[in-house]
Amino acid sequence: MLALLGADRPLAAVLVSLAAAALIRLVGRWPTVREACTFGAGIVKLGLVLSMLPTVLDGGVVESARLTLIPGVTLHLRADPLGMLFALVASTLWLVTSVYSVGYMRAGRYPNQTGYFASFALCVSATIGLAFAANLLTFFLFYELLTLATYPLVAHNRTPEARAGSRKYLVYTLTAGQALLLAIVWAHSLVPGGEFRPGGMLPAGVPSGTVWGLFGLFVLGLGVKAAIMPLHGWLPAAMVAPTPVSALLHAVAVVKAGAFGILRVVGYVFGVDVLRDVGADTLLAGLATTTIIFASLRAFRETHLKRRMAYSTIAQLSYIVLGAAVGSVAALAGAMFHIAAHGFIKITLFMCAGAIYTESHRDDIRQLAGIGRQMPITMGAFALASAGLAGMPLLPGFISKWNIGLGAMSTGSWVFVVVLVGSGLLNVSYLFPIVYDAFFRAPHGTVSPERPSLTVPLAATALVALLLGIAPNIGVGFYRLAWSAATSVVGGADAGGLP
Amino acid sequence: MTQHLPILIVLCPLAAALVVPLVARVSARAARALTMLATLSSLVCAVAALRVALREGDWHYHLGGWAPPWGIEYVVDPLGGGMAVIVALLATLVSLYAGPHVRGLSSLRGAAFDSLFLLLTTGLLGIALTGDLFNLYVFLEVSSLAAYALLASGGERAVVATFRYALIGTIAASFYLLGLGYLYALTGTLNMADLAIQLEAVPPGSAMTVGIVLLVVGLAIKMAVFPLHGWMPDAYTYAPPPVTMFIAAVMSKVSAYALIRVLFFVLPAGDAVETARAVLSWVAVGGVLAGSILALAQTDVRRMLVYSSVGQMGYIVLGLSIGNAAALTGALLHVVGHAAAKGCLFGAIGSLPRQTVQAEIGGLAGAARRAPLAMAAFTIAALSLVGLPPTAGFFSKWYLLRGALDADAWLFAVVLLVSSLLGAVYFFRVLEQVYFVPDPSAPDTDVPSPASPPSWRMVVPVLTLGAAVLLIGLFNGVLVSSVIQHALPEL
Amino acid sequence: MSQLGLGQLQYALAAVLLLIGLYGMLVKTNLARKLMAMNVMQVAVIVFFISLAVRSGGTPPIEIAHGAADAAYANPLPHALMLTAIVVSVSTTGVALALLIRIHRRFRTLDEPELLDRLRE
C-alpha cells in the first residue's frame with residue numbers, strides 16, 4: 001500500500017477516499033471511528049496532492065500507470081497545472097467540510113450519517129479523479145461517478161421534497177451525461193485514445209460542421225453541471241440537501257466539475273484557435289453572459305437563503321465559462337483562478353447559511369434581521385465572503401474578474417467588461433442587504449450560541465479567501481498554477497495582465 | 001479423457017438429468033448435490049475447453065469419430081466456447097440459488113425441477129457448441145421443451161402464458177427448420193462450416209433468399225424480439241424465481257448467439273443477408289424504444305425487468321445489424337454483461353421474502369435494510385442496464401455507439417442514448433423505493449433489522465453476478481482482447 | 001414431365017398445409033384448435049423435407065440396384081432428420097396437451113379471449 005502511495009500518487013489520491021468510503025460503511029456503528037476515517041483519509045489525500053505540487057509548479061506533470069479499459073483507451077491520470085488547481089481546492093475543502101459536517105450532522109441529529117459520510121468520500125474521489133483525468137474516457141468515468149455519488153446526498157433527508165429534488169437532479173445530469181458520452185465517442189473516432197493535449201487534441205482539418213456538432217454536444221453535456229442557463233434547473237432544486245452537501249458539492253465539486261470540464265474541453269480538446277475559427281467561442285460567451293445577467297437578477301426574487309446563493313453560484317460559474325470563451329491567456333488564467341476563488345468564498349457562504357440554520361432554524365432572508373449580533377463570527381465571515389463575491393479589491397473575486405476583464409479588453413470585447421461590472425453591482429445589491437439587516441437591525445427571537453465545530457471551519461475558509469485576495473500565490477500557489485495552465489493552453493501567444 | 005472435453009460439457013448435465021429422478025427416491029439431498037455437481041463440472045469442462053481453443057485454435061470434435069460433413073461435429077471456438085462458459089456459469093449459480101425453492105417442493109417435484117433444469121442447461125450448451133444446423137434445431141427444441149415445463153410450474157397465469165410461448169416457439173422452430181430445408185436442398189450439407197463453403201458457390205436466387213429469411217425470422221422469434229415478445233411478461237413474472245433468473249439471463253442470449261452464428265459464420269454475404277440485417281435493425285430500434293417505454297409503464301418490478309429485456313435484446317440485435325467490428329464487439333459484450341446483470345436482478349428480486357415479491361414497486365420500500373447485500377447487487381446490475389460506468393453495460397454501450405458512429409448511423413446512436421435515459425428513469429424509480437423510502441413496517445434506525453434475511457444460497461449467486469457485472473466492466477479490455485476479438489467474424 | 005409435376009404438387013401440398021397451420025394458430029380462438037393447427041404446420045415441414053428426398057425413378061435406399069451409379073435411390077438423410085422432427089413434434093404436443101389440461105381444470109374453458117378476461121381480474 002505504501003509502495004503504491006509513493007509510486008502512483010495520482011491514483012492513490014483517488015483511491016484513498018474510495019477506500020475510506022468502504023471503510024466508513026464497515027465501521028458505521030461507531031461514529032467516532034467513522035469520523036476518524038473521514039479525517040484520516042482527508043489528511044492523507046491532501047498530503048498526496050500536496051506532494052505532487054512542487055513537480056507541477058516546476059512545470060512538470062505526475063502521471064499514473066495506464067490501465068487499459070478498452071483496447072486503445074486507458075484509464076490514465078495525470079496531475080497537470082489545471083488538474084492540480086482543482087484537486088487542491090477539492091481536497092482542501094473536503095477536509096474543512098468534514099469538520100463542519102460532523103458538527104452539522106450531529107447538531108441536527110440527522111439520520112443515516114454513515115451513508116452520508118460514505119457518499120461524501122465517494123464524491124471527493126470522483127472529483128479528484130476527474131481533476132487528474134488525462135483523457136476523455138477517464139474524465140467521463142469520474143464525471144458519471146460523481147453524479148451517482150451525489151444522488152443519495154441530495155435525497156438524504158428522505159422527505160418527498162428531497163426525493164423530488166434528487167429526481168430532478170438525476171434527470172438533468174444523466175441526460176447531460178448521455179450527450180457527453182456521444183461527444184466523447186465521437187471525439188474518439190476522430191482522435192484515437194482521446195488524450196487531453198494543451199492547445200487541443202483534434203487533428204488539423206476537421207470540418208467546421210464537425211467542430212460545431214462536437215462542441216455543441218460537449219457544452220450540452222458539461223453545461224448542466226456548470227449550470228449554464230437554461231440547463232440550471234436542478235441546482236436550486238438540489239438545495240434541499242443538508243447544507244454541507246450544498247456547500248461542498250453544489251458550490252464546489254459538482255458545479256466546478258462542469259466548469260472545469262468546459263475549461264478542459266476548450267483548452268485541451270479543441271484549442272482556443274479552432275473554436276475561434278468557426279465562431280463557437282461567441283456561442284459560449286453569449287450563453288455565459290446571458291446566464292450571468294439572468295441568474296443575478298433571478299437571485300433577487302429568492303428569499304430562501306440557500307436558493308439565493310444557488311442563483312449566485314449559477315452566475316459565478318458563468319464567469320469561468322466566460323473566461324474560457326474569451327480565450328486569451330489572462331482570461332483563461334482568471335477563469336481557472338476563479339475555481340479556487342469562488343470555491344473558498346462560496347463554501348464560506350454556505351457554511352454560514354448552515355450555521356444560521358443549525359442555531360436558529362431560520363433559512364429565510366427576511367428572518368435574519370439582527371442575527372449578526374447574535375452570531376458575530378458567522379455573519380462576519382458572511383460579510384467578508386459577500387464582498388469577495390462582488391469582486392471587491394483585496395479579495396480573490398477581484399483577481400479573477402480583473403483578469404477575465406483584461407482578457408476581454410485585449411480581444412476588444414467591451415461588452416463582457418460591462419457585464420462583469422454590472423453583475424458585480426448586482427452581487428452587492430442582493431447580498432449586502434442581508435449583511436446590513438443582520439448587523440444594523442434589532443434582533444428578535446433566541447439563537448443558540450455559535451458552536452466551534454461550525455465556526456472554526458467557516459472562519460478558516462473566510463481567512464483563506466482573504467489571504468488569497470491579498471496574495472494570490474500564498475501557500476500552494478493557485479495563481480501560478482492558473483497562469484501556468486493558461487499559458488500552456490494558448491502557448492504564450494498573447495500573454496499579458498498580472499503574471 | 002481430456003480429448004473428449006467438448007462433449008463432456010453437454011453430457012454432464014444430460015446424464016445428471018436422467019439420473020437425478022432416480023437418486024431423489026433415495027435421498028433428496030444427494031439429488032441436489034448431483035445437480036450442482038453436474039453444472040459445476042460442465043462449467044469446469046467449458047472453461048478448460050475454451051482455454052485450449054484460445055491457445056491452440058478452434059477445437060473440432062467429431063461425435064462418435066464420424067468426420068463431417070457426414071458426422072456431427074462439436075466446435076469449441078471463442079464464440080461458441082465463450083457462450084458455453086456463460087451458460088454453464090449461470091447454470092452453476094442458479095443450481096445453488098434454487099436450493100430453497102426445491103426444498104419447498106415435494107421430493108418428486110423437486111427432482112422433476114432439477115431434472116428439467118438440467119435438460120434446459122443441456123439444450124442451451126448444445127446450441128452453443130454444435131457445429132451442425134440440424135443438431136442445433138434439436139437442442140433448440142430440447143431447451144424450449146424444458147423451458148415450457150419449468151415456466152408452467154409457476155401457477156395458472158404462467159400456464160396460459162407458457163402455452164402461448166409454446167405455440168410461438170414452435171412456429172419459430174418450424175420456420176427455422178424450413179429455412180434449413182432450403183439450404184440443405186441447395187447444398188446437400190448441414191454442417192455449418194461446410195455449408196458456409198458450399199453456399200459461396202451457389203448463385204444467389206429466390207430459394208436461397210427464402211431459406212435465409214426463414215432461418216433468420218425463426219431465430220429472431222426465439223429471441224423474443226419486439227414485437228414477438230407478448231408471451232414473455234406473464235411467463236417470466238409468475239415462474240418460480242430460479243427459473244426466471246436462469247431463463248431471463250441466458251435463454252434469449254443463446255438464441256441471439258445462434259443468430260450471430262448463422263448470420264456471420266454460415267450465410268454468405270450478399271443482398272439477402274444485407275436485407276435481413278436492415279430489417280433487423282428496424283426491429284431492434286422498435287424493440288429498444290418499445291421495451292423501454294413499456295418498462296416505464298409497469299408497476300410490478302419483474303414485469304418491468306421483462307420489458308427491459310425486450311429493450312436490451314434490441315441492443316444486441318442493433319449491434320449485429322450494424323455489423324462492423326466495434327458494433328459486434330458491443331453486441332457480444334452485451335450478451336455477456338446482460339446475462340450477468342439480468343440474472344442478478346431477477347435473482348435479487350426473487351431472494352426477497354415472498355410477500356414482498358407479490359407487491360408492486362412500492363412494496364420494495366426499505367428493501368435495502370432488509371436485504372442490504374442483495375440490493376447492493378441489484379443496484380450494480382441496474383446501473384449496468386442503464387449503461388453507467390464502470391459497469392459492463394456502459395462499455396457495451398460504448399462499443400455499440402462507436403460502431404454506430406463508424407457506420408454513420410446517427411439515428412441508432414441517439415436511440416441507444418434515449419433508451420439509456422428511459423432505463424435510468426425506470427430503474428431509479430425502483431432504487432428510490434429501495435433506498436430512500438422507509439419501510440412502513442419497520443422503525444427507521446441505522447441498524448439493519450434482523451428479520452428473516454434471504455438464505456445465503458440465494459445471496460451468494462446474486463452477489464457473484466453483481467460482482468461479475470462490475471468486473472466485466474472494469475476488465476472488459478482483457479475480455480475483448482483475449483476472447484471477444486477472436487470470436488468476431490472476418491469482416 | 002409428369003413426375004416433375006408430381007414433385008411440384010408435393011411442394012404445393014407442403015405450402016398449403018403450412019398456411020392452414022399458420023392460419024389456424026393465428027385466427028382460431030380455441031386453444032385446442034390452435035394446438036391442432038400447430039400439428040398441421042409441423043406436418044407441412046415434414047412433407048417438405050420428405051419431398052426433398054425424392055429422386056425420380058429412385059429406389060428406397062435399402063435396395064440399391066447394382067450398376068446404377070448415383071441418383072438412383074432416394075436420399076435417406078431427410079427421412080432420418082424427419083424422424084427426429086417427429087419426435088420433437090410429439091414431445092411438444094405432449095407438453096402442450098398437459099398445459100391445456102391444467103388450463104381447463106382451472107378455468108373450465110379453452111377460449112382465449114375468455115381466458116384473458118379471467119386472467120385480467
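**Figure 1. Burial and overall form of chain B.** Buried residues make up 65% of the 491 residues in chain B, where buried means that 20 or more other C-beta atoms, placed from the backbone, lie within 10 Å of the residue's own, with 12 or fewer counting as exposed and anything in between as partly exposed. This is a predicted model, in which local features need pLDDT of at least 70 and side-chain atom pairs count only at pLDDT 80 or more, while totals for chains, interfaces and linings use all residues. Residues are numbered from 1 along each chain as its sequence is written, and chains are lettered from A and ligands numbered from 1 in the order in which they are written. Chain B has 21 helices and 2 strands; these are DSSP runs numbered from the N terminus, with helices being H or I of at least four residues and strands E of at least two. The radius of gyration of chain B is 22 Å, close to the 23 Å that the globule rule gives for 491 residues, so chain B is as compact as a globular protein of that length. That radius is taken over C-alpha atoms, and the rule is 2.2 Å times the number of residues to the power 0.38. Along the principal axes, the C-alpha atoms of chain B fill a box of roughly 75 × 60 × 45 Å.

**Figure 2. Confidence along chain B.** The mean pLDDT of chain B is 88, and 96% of its residues reach 70 or more; pLDDT is the predictor's confidence in each residue, from 0 to 100. Over residues 444–450 of chain B, pLDDT stays under 50, and the model has 10 contacts beyond four places in sequence for them. A contact here means two residues whose C-beta atoms, placed from the backbone, lie within 7 Å. Where pLDDT is low, the predicted coordinates should not be read in detail.

**Figure 3. Leu320(B) and its surroundings.** Leu320(B) sits in helix 13 (residues 301–322) of chain B. With 22 C-beta neighbours inside 10 Å, Leu320(B) counts as buried. Leaving aside neighbours within four places in sequence, Leu320(B) is in contact with Leu259(B), Ile260(B), Leu263(B), Leu328(B) and Ala331(B). Arg277(B) is 43 residues from Leu320(B) in sequence, and their C-alpha atoms are 7.6 Å apart.

**Figure 4. The side of chain B that touches chain A.** This contact takes 25 residues from chain B and 26 residues from chain A. Helix 18 (392–406), helix 19 (410–436) and helix 21 (476–487) of chain B each supply at least two residues of the chain B side, and helix 19 of chain B has the largest share, 9 residues. By class, the side of chain B that touches chain A has 16 nonpolar, 4 polar and 5 charged residues. For this count, Ala, Val, Leu, Ile, Met, Phe, Trp, Tyr, Cys and Pro are nonpolar, Asp, Glu, Lys and Arg are charged, and the others, Gly among them, are polar.

**Figure 5. Helix 13 of chain A from end to end.** At 1.5 Å a residue, the 22 residues of helix 13 (residues 305–326) of chain A should span 32 Å, and the end C-alpha atoms are 32 Å apart, which agrees. The expected span is 1.5 Å times one less than the number of residues. In this helix, 22 of the 22 residues are buried, so helix 13 of chain A is largely enclosed by the rest of the structure. Gly327(A) follows the helix, with a positive phi near 80°.

**Figure 6. Met336(A) in the largest nonpolar core.** Of the 446 residues in this core, Leu85(A), Val321(A), Met336(A) and Val87(B) touch the most other members. Such a core is a set of buried Ala, Val, Leu, Ile, Met, Phe, Trp, Tyr and Cys residues joined through C-beta atoms within 7 Å. Helix 14 (residues 329–360) of chain A gives the most to the core, with 21 residues. Beyond its neighbours within four places in sequence, Met336(A) is in contact with Leu82(A), Leu85(A), Leu263(A), Ala482(A), Ala485(A) and Ala486(A).
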